[in-house]
Amino acid sequence: MMGFYFSRLVEIYPFFLKGLWMTSKIAFISLVTCTLIGVILGIFRSGNNIILKRIVGVYVAFVRGTPFVVQIFIVFFILPDWGIQLDAFSAALLAMAIMGSGFICEIVAGGIDSISKGQWEAAASSGLTLTQQLRLVIMPQAMKVILPPLVGQYVLLIKDTSVISVIGVMELTRVGWVTVVRIPEGLMVFSLVGVLYFSISYPLILLSNYLERKMAVQ
Amino acid sequence: MLVDFNFRIIFEYLPLFLTGLRSTFFISLVSISLALVTGVIACACRISGIKILKYPAIAFIEIIRSTPLLVQIYFLYFGLPTLGLRVPEIQTGIIALMLNSGAYIAEIIRAGITSVDQGQLEAGTASGLNYIQRMRFIILPQALGVTVPPLLGQSIVLVKDSALLSLISVMELTRCGQTMTSERFMPAEAFFTVAFFYMCIYFCLKALADWSQRKLIFREAY
Amino acid sequence: MIQKKLVSIVLAIMVTVFLTGISFAGTLTEIVKRGELRVAVQSGAAPYAFVDKNGVHTGSMVDFTKGMADSMGVKIKILDFDWDGLIPALLSGKADILAADMTPTLKRALKISFADPWMYVQTCVFTKTGAGYQTLEDVNKPEVTVGVLLGSTGETIAKQYLPKAKIKSYKGGGRMIIQAMIAGHVDAGVNDDLAVLTALPDFPPNSIRLLDKRLGGKAPLSFAVLHESVNLWQWINLYFETIRANGAYDKNIAYWMEGIEWKKDH
């Protein structure tokens, strides 16, 4: 019986690779959009404009206070009521962008806040504009504080792509779920899924650990 | 859309949501407690010098951290029956949450323990304190200050993770939203209400975390 | 100024993200203009709609709607959902047609329009072979757990006919109930007899049996569209009339529902 299922699993292996490819696509695009939006929001969040800080704060509280699966349902089933109709793939990307940027915002804000006031003052007194201060003095230093948790957050985001399976996107977890109802060997199917996720997450975890050690030495 | 927001229907379903909320509380509480135990055990194995404990612990922690929780949940849900084990869905879910958070807690505790200055330990040994006394008076108080905030953070994460249990038909808060949607076709009312309840839990836990951070920072500054 | 610049960058990104995904649910003319027919089907529900070993969407529903797309001269896009996600998908404009083994109930018809039935089935109770349940009364007991599909008519019917039993709803598809039964989470299941019979070949032979007594009368299964898609609705009815007349309907049903030949190819 096990052998019979195993051979069916081997037959269906390309399907899993397709799922892995879909997961990688979503993950990659999401990482880029989350970082872009997250950095911008993080700058707002650590800035001097109280109103912006508060608005971003509310956004971040919502993103961090509700489960991702609930956010996905909201993006997918409720946004159309407001005129924004998205197919599953785009909805997935949007939900990831919203969620990821909320978390990255806090990491970036934390990094910028960790730079002592003295640096800001020194930069300002050197005659640099606000943009230049940020770009040339603050951000390079903040990066050291931001990079390790940022890479850690990337790993979390890659794993969160699995939740997207609930809206039918045929990514790796959904592939496993759809397969297991036809090949009822849960251990085999999801071990395979786990191994494939491991292959893309673990390298990033190693990178995160390495960065953490490198940055800590300083 | 908000004009049509049907509060009447939400009140009709309020008992259901409260049942789900209670269930989420129960699941989260049980899971985080079990996860703490798991985390302590896993951490102890991890930092021990005994290879037969250390390497499986490392494998356990790294596998959990590299694979999504949903995959772990499905692995147990679809996999345990093939081993002949009949575990009710809710317990399967709690086990998954326990193992998942346990691995993260193990790392949090490990970071807390290693954050205590070696010099302090040496001073303790030099003052004639034995292992247990060193733990009690030097390591644990300081480790606690470093560990408790991330532990509370992990609790918040766990409450949100419990939402995934709705996908293996465990009755909890998110499942209430799905039920209401499938009966009334009103996803907005259903999921905004669900989101609202989760936000309430989040703010309570966050307040607790902030309060504990303030209290513990005081303790460190002696 | 820097923040003003950043705000406009953020807005630009958001607008781009939205625009890449915006699509419009349409009537027949919209579909033809768009060049694509979007169909919502249930995930992993062989033989109705599933993904075969080559990773291609296939199944009875897929074949029917592919025929529709060909007749319209457009491409087809299959979107899959859990059972309870099908109607929200149609309502939120993600799909033009809902193609599944769905029964037109009065409650559902308040929100969406059903075409004429393409098939009739009956709701059945199924258990593990050898479990000893023979009649409805055997199952209608407080210690019996009955599995149903979240959002299905089986759920409503089970609550009606088996009020004393414990009802557990499963998200996903009918196969989740069978899985749960084999895993021992439920003692019996309630679903369309056709859905159960066509799922049996995927499980160990003779592990599941259906009780003789069927619940309720004959239940129709229909495709669905939005209320405003009136011409699409009429077109679907004409389509089924046409394929019944030219034999394509019989071929589809014979291949997918009555035989197990399809298992070899998919």
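**Chains B and A**

Mentor: Let's start here: across the interface of chain B and chain A there are four residue pairs in polar contact, with both residues at pLDDT 80 or more. Keep in mind that this is a predicted model.

Trainee: Okay, and how many salt bridges between chain B and chain A?
Mentor: Zero salt bridges turn up across that interface.

Trainee: Which helices of chain B supply the side that touches chain A?
Mentor: Four helices of chain B each supply at least two residues there: H2 (51-66), H3 (69-79), H7 (173-184) and H8 (187-220). H8(B) gives the most, with 10 residues.

Trainee: What's the split into nonpolar, polar and charged on that side of chain B?
Mentor: On the side of chain B that touches chain A, you get 24 nonpolar residues, six polar and three charged.

Trainee: And how many residues are in contact on each side?
Mentor: Chain B brings 33 residues, and they are in contact with 40 residues of chain A. The area buried between chain B and chain A is about 3100 Å². Carbon and sulfur atoms give 77% of that area.

Trainee: Which residues of chain B lose the most area to chain A?
Mentor: Those are B:Ser66, B:Phe78 and B:Lys160. Together they make up 17% of what the chain B side buries.

**Chains C and B**

Trainee: Switching over, what area do chain C and chain B bury between them?
Mentor: About 1600 Å², with 60% of it on carbon and sulfur atoms. The contact takes 21 residues from chain C and 17 residues from chain B.

Trainee: How many salt bridges between chain C and chain B?
Mentor: The count is one salt bridge. B:Glu89 forms it with C:Lys168, and the closest N and O atoms are 2.4 Å apart.

Trainee: Which parts of chain C supply the side that touches chain B?
Mentor: Helix H4 (83-91), helix H5 (106-109), strand E9 (166-170) and helix H8 (174-182) of chain C each supply at least two residues. H4(C) gives the most to that side, with four residues. By class, the chain C side has eight nonpolar, five polar and eight charged residues.

**Cores**

Trainee: New topic: how many residues are in the largest nonpolar core?
Mentor: The largest nonpolar core has 174 residues. Those with the most contacts inside it are A:Phe16, A:Ile164, A:Ile167, C:Leu98 and C:Phe126. Helix H5 (residues 88-113) of chain A gives the most to this core, with 15 residues.

Trainee: What is C:Leu98 in contact with?
Mentor: Leaving aside neighbours within four places in sequence, C:Leu98 is in contact with C:Ala40, C:Leu86, C:Ile87, C:Leu90, C:Ile112, C:Phe223 and C:Ala224.

**Chain A by itself**

Trainee: Last one: how many helices and strands does chain A have?
Mentor: Nine helices and zero strands. The C-alpha atoms of chain A fill a box of roughly 75 × 50 × 25 Å along the principal axes.

Trainee: What share of chain A counts as buried?
Mentor: Of the 218 residues of chain A, 59% count as buried. As for contacts in chain A between residues at least 6 apart in sequence, 75% join residues at least 24 apart.

Trainee: Great, thanks!

Conventions:
Residues numbered from 1 in each chain as written. Chains lettered and ligands numbered in written order. Predicted model: local features only at pLDDT ≥ 70, side-chain atom pairs only at ≥ 80, totals over all residues. Heavy atoms only, no water. Contact = heavy atoms within 4.5 Å. Buried area = accessible area lost by both parts, 1.4 Å probe. Salt bridge = Lys/Arg side-chain N within 4 Å of Asp/Glu carboxyl O. Nonpolar A, V, L, I, M, F, W, Y, C, P; charged D, E, K, R; others polar. Core = buried A, V, L, I, M, F, W, Y, C linked by side-chain atoms within 4.5 Å. Buried < 20%, exposed > 50% of the residue type's maximum accessible area, 1.4 Å probe, protein only. Polar contact = N/O pair within 3.5 Å; in protein donor to acceptor, adjacent residues only side chain to side chain.
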